[in-house]
Amino acid sequence: MGMTMTQKILADHCGKEAVQAGEFVEIDLDMVLGNDITTPVAIKEFVKMGAKKVFNSEKVAVVLDHFTPNKDIKSAEQCKTCRTFSDEQDIKHFYDVGEMGIEHALLPEKGIVVAGDTVIGADSHTCTYGALGAFSTGVGSTDMAAGMARGKAWIKVPPAIKVELSGNPNKFVSGKDVILHLIGKIGVDGALYQSLEFTGEGVKALSMDDRFTVSNMAIEAGAKNGIFPVDDKTIAYMSGRTDKQWKIFEADQDAVYDRTIQIDLNVLKPTVAFPHLPENTRTVDEAGDIAIDQVVIGSCTNGRIDDMRVAAEVLKGRKVNKRVRTIIIPATQEIYLQCIREGLAEIFIEAGAIVSTPTCGPCLGGHMGILASGEKAVTTTNRNFVGRMGHSESEIYLASPAVAAASAVTGRITNPQKL
Amino acid sequence: MIVKGKTFKYGDNVDTDVIIPARHLNTSDPKELAKYCMEDIDKDFAQKVAEGDVIVGGKNFGCGSSREHAPIAIKASGVSCVIAKSFARIFYRNAFNIGLPIMECEEAVEGINEDDQVEIDFTTGEIHNLTKGETYQSQPFPQFIQKIIHAGGLVPYVQNELRNQ
């Protein structure tokens, strides 16, 4: 029986010729990741396990991105714990303020993760690296601790859903619209315990940044991972960023899928997920008249350079609505610098938006843009659960950077194609 | 092992942001986290919950973030078991890894009401609803998971592995 792309990577990393869906395997890990919220818990468990040294100091990454720059004393203490541990363990990929970026934008950018890798991260959006053709999945802190101690993780081999993409997206239709459309179609548990494997000639129409956005939100459909085939764009992206050897895996012709879903990119429209679940999707034209108080453009989902460029394209020569606080957060220092060099930061500031240092801050209601009761926000982030970005009576509308920027200008949920 | 308590019942897709809102994630102290458990869907939960109580959810319980703080907060509240139609995969792993018992059982979720008294036998997988006089049979855990449960969680499991290296 043929294997899916995910199954082939897993088989390769557990020393087996073949694996089958449902089988439990222990895989060797190429990277173990944690952030300032999950790593302190992992360190405690690591010590309890009786571990002394991490299995490989070059295969652990610690990124201080969630409540940084330290938002309060407790957060500062958590970062200090991570810093001390990383120093003691000589962690090569430790990123603190000044070098750090949002972890899932940073690791691919620095070439720390490449095609064919197996990655676990104590952050649910670790599935982002599927865009590179890697197997990567989110786990908890105890799994992270076990991964740091032994370089292994237990995995139940997932069955897969095949997502066949065709056509070319229209102007202002992006990876965010692809994934929101998919989640709307299958629901927030539509891919529970499964892989989402993206294929089809439509893949080549998606930029790497689009693919990162799509893989990033695989977890929002309950998926274990969301993976793309490796093509010229993937190789061009990895080239020059890494000294690591990448390895290309392809699904077998006779691979078995639980089901196949077809998405025609030609007919896809800018899409918005209404409160309080990512599956509550409507096209932007069906959104109705919704006045908003805040816009956030950033996060591990949509804080990359393509996202910044499209936001700037919409905001250029325009002003954001006086009633809309518009917060733009390039995801890494490199992207931030690119925003300055390309004149995007100037466009944002002239439009009346603020440009922040990289942080996950507002996405999870940490800091840098908390919502009051009754407030509504259009954000390019990944979750619109109750209270996610602040007060339990606030509302989050998830959308692409283009929709978010257009909505910032008008003060209402707006189709950028009609601005 | 048998546990007994009253039930708190919630709907589908109970996410980790309502189980423990991120504004409280600047600590990992279980007692501190327990104070805010379920705060955004049931603000009096921390006051009402007693040792042994059981949370009952619909499908996709624990969806969202990978924060282990969510099962830790539930466990530290005194909750003895979470029963749901299905669990989000990261929450599922985390619960086993930290030693919070969970059970998948649609029939129990349909049958149990808020504030029922239930008794759960982890050995047989039977859930007795003492209020309604009903019994539901949950799915057994996969063998590999039982190995981790048997070891007492992932920490002792890895301890053994490291010792054997």
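**Chain contact and local packing in chains A and B**

The contact between the chains takes 44 residues from chain A and 37 residues from chain B. The model is predicted. On the side of chain A that touches chain B, helix H2 (39–48), helix H3 (73–88) and helix H5 (141–150) of chain A each supply at least two residues. H5(A) gives the largest share of this side, six residues. Sorted by class, the side of chain A that touches chain B comprises 19 nonpolar, 14 polar and eleven charged residues.

Asn60(B) touches residues of both chains. In chain A, its contacts are Val188(A), Asp189(A), Leu192(A) and Gly222(A). In chain B, residues up to four places away in sequence not being counted, Asn60(B) touches Asp12(B), Asn13(B), Ser86(B) and Ala88(B). Asn60(B) is located in the loop between strand S2 (54–57) and helix H4 (69–76) of chain B. Although placed in a loop, Asn60(B) counts as buried because it has 25 C-beta neighbours inside 10 Å, where 20 or more are required. One of its contacts, Ser86(B), is 26 residues away from Asn60(B) along the chain, yet the C-alpha atoms of the two are separated by 5.0 Å.

Helix H4(B), at the other end of that loop from S2(B), is largely enclosed by the rest of the structure, since seven of its eight residues are buried. The buried residues of H4(B) are His69(B), Ala70(B), Pro71(B), Ile72(B), Ala73(B), Ile74(B) and Lys75(B). They pack against helix H1 (16–19), helix H2 (30–34), S2, strand S3 (81–84) and helix H5 (89–98) of chain B. Just after H4(B), a positive phi of about 105° is found at Gly78(B).

In chain A, helix H12 (residues 344–351) has Leu344(A), Ala345(A), Ile347(A), Phe348(A) and Ala351(A) as its buried residues. Viewed down the axis of H12(A), these buried residues fall within an arc of 160°, and they therefore line one face of the helix. An α-helix has 3.6 residues a turn, so residues three or four places apart point the same way. The cover over the buried residues of H12(A) includes helix H10 (305–315), strand S15 (325–328), helix H11 (333–341) and strand S16 (354–355) of chain A. Just after H12(A), Gly352(A) adopts a positive phi of about 100°.

Key:
Residues numbered from 1 in each chain as written. Chains lettered and ligands numbered in written order. Predicted model: local features only at pLDDT ≥ 70, side-chain atom pairs only at ≥ 80, totals over all residues. Contact = placed C-beta atoms within 7 Å. Helix = DSSP H or I, 4+ residues; strand = E, 2+ residues; numbered from the N terminus. Nonpolar A, V, L, I, M, F, W, Y, C, P; charged D, E, K, R; others polar. Buried ≥ 20, exposed ≤ 12 C-beta atoms within 10 Å, placed from the backbone. Arc of directions from axis to C-beta.
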